[in-house]
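Subject: Structure for you to look at

Hello,

Here is the structure I promised to pass on. Please open it first and keep it beside you while you read my notes below.

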Amino acid sequence: MQSAACGMGSLALSDLIASSANAASPLARRAPHFSARAKRVIFVFLAGGPSQGDLFAPKPEISKLHGKPIESPVGDDGQLRVGVSQFLPMAPVAPVRPRGDSGMMLSDLLPNLSNVADELCMLRAVVSDNKAHAPATLQFHTGHIAEARPSMGAWMSYGLGTENRNLPSYITIHPPRDGRTYGSGFLPAIHQGTPLRVPQNAEEPAIADLRDDGSTTEAQRRRLDFLQKVNRRLLDRLQTDAQMEGIIESFELAFRMQAKAPGLVDLSSESKATQEMYGIGTPSCDSNAKACLMARRMSEAGVRFVQVTMGGWDHHGNIRSSLPASCASSEKPIAGLIADLKQRGMLKDTLVMISGEFGRTYWSQDLSGTNPIAKHGREHQQESFCTLLAGAGVKAGLVHGETDDFGFQPIDGRVHLHDLHATILHLLGLDHERLTYPHHGRDYRLTDVYGRVVDEILA
Amino acid sequence: MPIIRDEAQPGPATLRNVFDFAQPSELTGKRNVTAVPTQALFLMNSPTVKKHAAALAKRMKQETDETKRMRLLWLTLLNRPITDEERAEAFDFLSVSGDNAWTELCHALLASNEFLMKL
């Protein structure tokens with residue numbers, strides 16, 4: 001009887017997910033399971049798969065064999081694991097040297113990050129389960145390669161609530177295109193990431209429609225009260241509906257954001273020195289620099305999980321010229337973020353994670369089949385790659401894990417994504433086996449039925 | 001079957017972008033489903049929604065009897081008759097909402113779950 005087909009409804013939120021959400025205020029702050037080392041997380045996602053062999057973990061054996069055809073280092077089933085007819089070990093495109101007191105290896109392409117090397121904890125044998133960008137990206141964010149499971153930020157929001165009721169608990173700046181990577185899955189919808197973008201010019205706002213100059217706050221509140229009364233009556237009639245509850249909550253949050261967010265996204269209040277520290281004003285990295293500074297401001301204001309996505313790491317060809325450009329666009333902003341968190345005393349309770357969805361092979365890839373090695377790139381590699389951590393609760397200056405001479409299989413300190421997720425939750429004071437949500441007849445976790453906290457890296 | 005488009009979306013894309021419309025360059029089997037505050041901000045503050053609320057109010061005002069107008073609004077927007085309880089609430093709302101009261105009422109209903117979700 002009530003199947004009107006009108007207006008924006010057809011464009012809007014048609015998928016209704018029935019679920020058993022019932023908390024009166026789903027973003028209310030909740031105590032962790034045990035004493036937390038980290039209060040918040042900033043995740044810098046290097047989308048595309050940065051090359052760990054070029055940046056973080058050079059292999060002398062590979063450099064020795066540079067450009068010489070070898071047999072496949074992969075398996076003994078005769079199957080080539082990469083899409084070309086021969087494998088040419090390829091030395092790093094720039095020197096990789098020991099840095100800081102720890103001697104952690106970092107490329108010359110990462111001069112600013114090298115300056116904060118002693119703050120970093122490098123995982124060198126991280127493993128995930130899929131070789132293609134979309135499933136690998138989804139797994140990095142949700143633990144699963146295909147399903148619409150809740151993203152890690154959503155789990156953290158669900159587990160701990162928010163420190164600032166005027167802001168979302170989870171913000172994702174320049175998010176990956178797949179909405180599932182910042183989705184809430186079967187968790188209450190209010191836990192999903194709120195996307196933001198850094199304005200590319202003075203006219204463009206970071207958050208659209210953040211204010212309505214034509215209405216007073218009182219008129220707006222009156223309208224919202226009426227709207228919510230209508231919404232709640234409908235919800236009562238339908239019993240429970242996670243999506244609708246999420247919308248009702250999102251209106252209240254949006255109303256409060258109007259007061260708080262405009263000041264937060266205005267970076268002009270930051271000192272010139274701070275802006276330069278991140279690389280703001282340098283054309284090659286300006287956008288990422290602003291994103292990182294905005295991330296710090298959001299974290300400072302109490303947002304539980306902030307993600308900054310930086311694209312451009314999928315170097316299948318000509319990595320010699322494209323990798324330096326990708327580094328130039330991102331490494332100063334990331335280093336600036338870490339140094340700024342440190343100088344503000346925030347690094348001790350903020351966990352920073354820097355990673356791609358996978359890494360790249362130590363041997364070259366040439367999709368044309370005819371290019372000289374100087375023009376080659378590298379193929380995806382999920383069998384092992386590097387993830388950087390910094391800050392709260394992790395051992396600074398530690399390098400954990402090692403792979404074989406070809407940089408392929410882990411031989412020590414293997415960390416599967418499930419283990420990484422379990423460890424991040426642990427640092428936040430959450431037991432990954434106890435942070436569950438009932439769905440489809442069983443309790444689900446971020447780590448599903450897997451995961452081990454990597455004690456070796458805990459400070 | 002997924003639809004492959006080779007042209008950018010025609011017209012202003014704000015509404016579609018805010019509500020997870022698939023990007024034209026992407027293959028998408030299924031639309032994303034989200035409920036984030038940026039969507040609420042759009043529904044509360046965007047010129048698009050405000051313009052449509054004003055236009056809807058203007059159209060409704062062609063009916064001069066306010067009780068009949070209220071019934072018409074519910075039929076037009078929600079495709080069902082208004083209940084007695086809702087009518088009482090709506091008139092209460094109008095009585096405190098000043099000169100733009102009907103636009104405000106239309107605006108609230110355009111942002112409601114019942115309208116957005118076609119329930």
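Gly67(A) lies in the loop between helix 2 (60-64) and strand 2 (96-99) of chain A; helices (H or I, at least four residues) and strands (E, at least two) are DSSP runs, numbered from the N terminus. With a relative accessible area of 32%, Gly67(A) is partly exposed; buried means under 20% relative accessible area, exposed over 50%, and partly exposed in between (1.4 Å probe, protein chains only). Met90(A) is 23 residues from Gly67(A) along the chain, and the C-alpha atoms of the two are separated by 6.1 Å.

Some conventions before the rest. This is a predicted model, in which local features need pLDDT of at least 70 and side-chain atom pairs count only at pLDDT 80 or more, while totals for chains, interfaces and linings use all residues. Residues are numbered from 1 along each chain as its sequence is written, chains are lettered from A and ligands numbered from 1 in the order in which they are written, and side-chain values use heavy atoms, with hydrogens and water left out.

Strands

In a regular strand the side chains alternate between the two faces of the sheet. Strand 1 (residues 40-46) of chain A can be read that way: Arg40(A), Ile42(A), Val44(A) and Leu46(A) point one way, Val41(A), Phe43(A) and Phe45(A) point the other way, and all are buried.

Which strands pair with strand 1 of chain A in the parallel sense? Strand 8 (residues 350-355) of chain A does so over six bridges, and strand 7 (residues 305-310) of chain A also over six bridges; two strands pair if DSSP finds at least two bridges between them. Val41(A) has Leu351(A) in strand 8 as its bridge partner, and Phe43(A) has Gln307(A) in strand 7.

Strand 9 of chain A is mostly covered, with seven of its seven residues buried. Its pairing with strand 10 (residues 377-381) of chain A is antiparallel and runs over four bridges. There, Gly359(A) has Gln381(A) as its bridge partner.

Aromatic rings

A pair of aromatic rings is described by the distance of the centres and the angle of the planes. Rings of Phe, Tyr and Trp (its six-membered ring) pair if their centres lie within 6.5 Å; planes under 30 degrees apart count as stacked, over 60 as edge-to-face and the rest as tilted. By this rule there are eleven aromatic pairs over all chains. One of them joins Phe43(A) and Phe45(A), with ring centres 5.6 Å apart and planes at 50°, so the pair is tilted. Phe43(A) counts as buried at 0% relative accessibility, and Phe45(A) counts as buried at 1%.

Trp363(A) and Phe408(A) have ring centres 5.6 Å apart and planes at 45°, so this pair is tilted. The pair links distant parts of the chain, 45 residues apart: Trp363(A) is in strand 9 (residues 359-365) of chain A, and Phe408(A) is in the loop between strand 13 (402-403) and strand 14 (410-412) of chain A. Trp363(A) is buried at 1% relative accessibility, and Phe408(A) is buried with a relative accessible area of 6%.

Ring pairs also link Trp155(A), Tyr158(A), Phe186(A), Tyr437(A) and Tyr444(A) into a cluster. Tyr444(A) has Arg442(A) over its face, at 3.9 Å from the ring centre; a charge sits over a ring if NZ of Lys or CZ of Arg is within 6 Å of the ring centre and within 35 degrees of the ring normal. Elsewhere, the charged end of Arg221(A) sits over the ring of Phe255(A), 4.7 Å from its centre.

Helix 11 (residues 417-427) of chain A is mostly covered, with ten of its eleven residues buried. Among them are Leu417(A), His418(A), Asp419(A) and Leu427(A). Just after this helix, Gly429(A) takes a positive phi of about 85°.

How many helices and strands are in chain B? Chain B has seven helices and zero strands, and the pattern along its sequence is α-α-α-α-α-α-α. Of its 119 residues, 49% count as buried.

Regards
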